[in-house]
Amino acid sequence: MKTLNKEICKELGVPQYVKRPIPAYAIQIIPENQALLEKEERLNLEAKTIQTLEGTFHFDLGDYLIIGNDNEVWTIKEKIFEDTYKFI
């Protein structure tokens, strides 16, 4: 099986990058935020789906709805959000 990992990439001289810190809006998908979430027509709370630029995706309660700089939307798993985003 061929698999790249960070150690092999380093050995091979693959360039490393850091994601730019671009602000975005985020709303956790929980019942307490239903009034806010219902304002987003691309989000279907009953079917737990979201229509993004890449297609329709499923989400779980607790995930975060992200609204980007160009008003694009996507969801992120709670753990990934908490590990990679910070409040400003």
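Trainee: Are Y64 and F81 buried or exposed?
Mentor: Both Y64 and F81 are buried. Please bear in mind that this is a predicted model.

Trainee: What is the relative accessible area of F81?
Mentor: The value for F81 is 13%. F81 therefore counts as buried, since the cut-off is under 20%.

Trainee: How many aromatic pairs are there?
Mentor: The count comes to two aromatic pairs. In one of them, the ring centres of Y64 and F81 lie 3.7 Å apart and the planes meet at 10°, so this pair is stacked.

Trainee: Which parts of the chain does that pair tie together?
Mentor: Y64 belongs to strand 5 and F81 to helix 3, which covers residues 78-84, so the pair links parts that are 17 residues apart in sequence.

Trainee: And how are the rings of F81 and Y85 arranged?
Mentor: Their centres are 4.9 Å apart with the planes at 15°, so F81 and Y85 are stacked. Y64, F81 and Y85 form one aromatic cluster.

Trainee: How does Y85 count in terms of accessibility?
Mentor: Y85 counts as partly exposed, with a relative accessibility of 29%.

Trainee: How many bridges join strand 1 to strand 5?
Mentor: Four bridges join strand 1 to strand 5, the latter being residues 64-67, and the two run antiparallel. Within this pairing, Y25 stands opposite I67.

Trainee: Which residues make up the largest nonpolar core?
Mentor: The largest nonpolar core has nine residues: I27, I29, L37, L43, I50, F59, L65, I67 and V73.

Trainee: What is L37 in contact with, leaving aside its neighbours within four places in sequence?
Mentor: L37 is in contact with I27, Q28, I29, I30, L43, L45 and L65.

Trainee: Now the whole chain. How many helices and strands are there?
Mentor: The protein chain has three helices and six strands. From the N terminus on, the elements run α-β-α-β-β-β-β-β-α. The radius of gyration is 16 Å, well over the 12 Å that the globule rule gives for 88 residues, so the chain is more spread out than a compact globule.

Trainee: What does the C-alpha trace span along its principal axes?
Mentor: The trace spans about 50 × 35 × 25 Å. Of the 88 residues, 26% count as buried.

Note on methods. Residues are numbered from 1 along each chain as its sequence is written. This is a predicted model: local features need pLDDT of at least 70, side-chain atom pairs count only at pLDDT 80 or more; totals for chains, interfaces and linings use all residues. Side-chain values use heavy atoms; hydrogens and water are left out. Two strands pair if DSSP finds at least two bridges between them. A nonpolar core is a set of buried Ala, Val, Leu, Ile, Met, Phe, Trp, Tyr and Cys residues joined through side-chain atoms within 4.5 Å. Buried means under 20% relative accessible area, exposed over 50%, partly exposed in between (1.4 Å probe, protein chains only). Contact means heavy atoms within 4.5 Å. Rings of Phe, Tyr and Trp (its six-membered ring) pair if their centres lie within 6.5 Å; planes under 30 degrees apart count as stacked, over 60 as edge-to-face and the rest as tilted. The radius of gyration is taken over C-alpha atoms; the globule rule is 2.2 Å times the number of residues to the power 0.38.
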